[in-house]
Amino acid sequence: MPLRAKVASSVSRTAAALSRAAGRGDGSVIGGWIGLKIDPDLLAHLAAGRAIALISGTNGKTTTTRLAAAAVGVLGKVATNSFGANMPTGHTSALAKAGSTPYAVLEVDEHYLAQVLEATEPHVVALLNLSRDQLDRAKEVAMMAQLWRAALVRHQDVRVVANADDPMVVWAATPPPNHDHRINPPQVTWFSAGQRWHEDSWVCPECGSTIQRSGEQWWCTGCPLRRPDPQWTVEDDGVLDPTGAWHKVSLQLPGKVNVGNAATALAVAAEFGVRPVDAVSRLSSVTSVAGRYAQVEKDGRLVRLLLAKNPASWLEAFDMADLAPTLLSINARDPDGLDTSWLFDVDFAPLRGRQVLITGDRAYDLAVRLDVNDVPFQHIRSFNEAIRAVPPGRLEVIANYTAFQDIRAELDRVN
Ligand SMILES: [Zn+2]
């Protein structure tokens, strides 16, 4: 590395360590920020010489990054941004902290994918899904797909691993060849991880016609865009690889959505030459991801924490949760987005028949939504009150970002 980059990298590590020592989180954002101030090309310098995978999408990217890092770990040391700091400051900090590693698997905020592709020149990029998220500040889904598509046109040498079940992702991953046909579309490996949420992909991003669905198939009624045949698919509790071999996936993470994330992780690792048979057992080493899926015992109640932050992830959370008493918590602070109107995009009917408790800054927004949805509920004011309100056994907690952190903090205090 050039001297300037060496200095920037060292200062970045020190700043992150100081921030950690001061109890201000894991320090990766401030460390990366200072490093990039000293050398704006620091991320590119730190990325050079590593084989890198980028993982992006609206939902599942933190978990998939953890699983993919575990799978690529078959080959050697892997740098990764495991605390979910998924913008260039976080990537810079993660690579500076890791020192020299042959591999890196990085979670990337979908808005920054073009920029991080440019800086890191990855070997492979995984595109998971695109759906509405944080209505007051995130881009419209079709605009996001357009940005991804334009970025991939400029990087035709990158290998793409993409979700065949999401029409927006398929369109983004298959840009047309340019006029003189010198630039070919990227090479794509398709996986099928399912898509429970369809409300952002009824209109074709190519021609504006409606998209039709039948079973797992989908196709545009006005142009050739349709579901490609996936090479990696989820079958029962395992993954079918491109050779037709089936691998049982034993995860410590709940839900079918995580078997889909495991399939994606195996497909990403395969792009580095990792055989699924060698990687699959390593996936069970991932227990909780930044506190998500963590289980805590409290007064005979087995509490499980599920993060859900937008309509698509709430649907997945209902599927992951056992048929047990369920506490829902909603805040609308800055990291959550200030607009809670998305609650009306979620069908809460799957909660009927469960004991439902609600809490959080915006519990009353949730109350109105549940009332309209004919789901009986009880409003409680603290986590301890929730514990007392449910019988011994499982208590599922589904919360959005800062509500999730509040409950984690409360659990840490009582334990
Ligand atoms: Zn179309």
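Which residue in β3 is the bridge partner of Val78? In β3, that partner is Tyr103. The structure is a predicted model, in which local features need pLDDT of at least 70 and side-chain atom pairs count only at pLDDT 80 or more, while totals for chains, interfaces and linings use all residues. Residues are numbered from 1 along each chain as its sequence is written, and side-chain values use heavy atoms, with hydrogens and water left out.

Helices (H or I, at least four residues) and strands (E, at least two) are DSSP runs, numbered from the N terminus. Two strands pair if DSSP finds at least two bridges between them. Strand β2 (residues 78-80) runs parallel to β3, and three bridges join the two. Strand β1 (residues 51-56) is also parallel to β3 and is joined to it by six bridges. Here Leu54 stands opposite Leu106 of β3.

Strand β3 spans residues 103-108 and is mostly covered, with six of its six residues buried. Buried means under 20% relative accessible area, exposed means over 50%, and partly exposed lies in between (1.4 Å probe, protein chains only). Both faces of the strand are covered. Tyr103, Val105 and Glu107 are buried on one side. Ala104, Leu106 and Val108 are buried on the other.

Gly99 follows α5 and has a positive phi, near 70 degrees.

Helix α7 (residues 141-153) contains Ala151. Ala151 counts as buried, at 1% relative accessibility. Contact means heavy atoms within 4.5 Å. Leaving aside neighbours within four places in sequence, Ala151 is in contact with Ala114 and Leu117. The C-alpha atoms of Ala151 and Leu117 are 7.7 Å apart, although the residues are 34 apart in sequence.

A zinc ion has the protein donors Cys204 (SG), Cys207 (SG), Cys220 (SG) and Cys223 (SG), lying 2.2 to 2.4 Å from it. Donors are N, O and S atoms within 2.8 Å of the metal (3.2 Å for Na, K and Ca); water is not among the atoms, so sites may look incomplete. Along the chain, the zinc donors follow the spacing C-x2-C-x12-C-x2-C. Cys207 and Cys223 link distant parts of the chain, 16 residues apart. Cys207 lies in the loop between β6 (187-192) and β7 (211-214), and Cys223 in the loop between β8 (217-220) and β9 (232-235). The arrangement at the zinc ion is tetrahedral because its four donor atoms subtend angles of 99 to 114 degrees. Four donors count as tetrahedral if all angles lie between 85 and 135 degrees. The ideal angle for four tetrahedral donors is 109.5 degrees. Cys207 is partly exposed, with a relative accessible area of 35%.

An open sheet of six strands has mixed pairing and the order β12-β13-β17-β14-β15-β16. β12 (295-298) and β16 (378-379) stand at the edges with a single partner strand each, so one side of each has no neighbour in the sheet. Strands β14 (residues 326-329) and β15 (residues 356-359) run parallel, joined by four bridges. Leu328 has Ile358 as its bridge partner in β15. Helix α11 (residues 311-320) packs on the sheet, touching β13 (301-307), β14 and β17 (393-399). The direction of α11 makes about 175 degrees with that of β17. Helix α12 (residues 363-372) also packs on the sheet, touching β14, β15 and β16. The direction of α12 makes about 145 degrees with that of β15. Axes are lines fitted to C-alpha atoms, for helices over the stretch in contact, and angles run from 0 to 180 degrees between N-to-C directions.

Most residues other than glycine have a negative phi. Glu121 is not a glycine, yet has a positive phi of about 40 degrees. Glu121 is found in the loop between α6 and β4 (124-127) and is exposed, with a relative accessible area of 62%. Asp374 likewise has a positive phi, near 55 degrees. Asp374 is found in the loop between α12 and β16 and is exposed, at 57% relative accessible area.

Definitions and conventions
Tetrahedral: all angles 85-135°; square planar, octahedral: opposite > 155°, others 65-115°.
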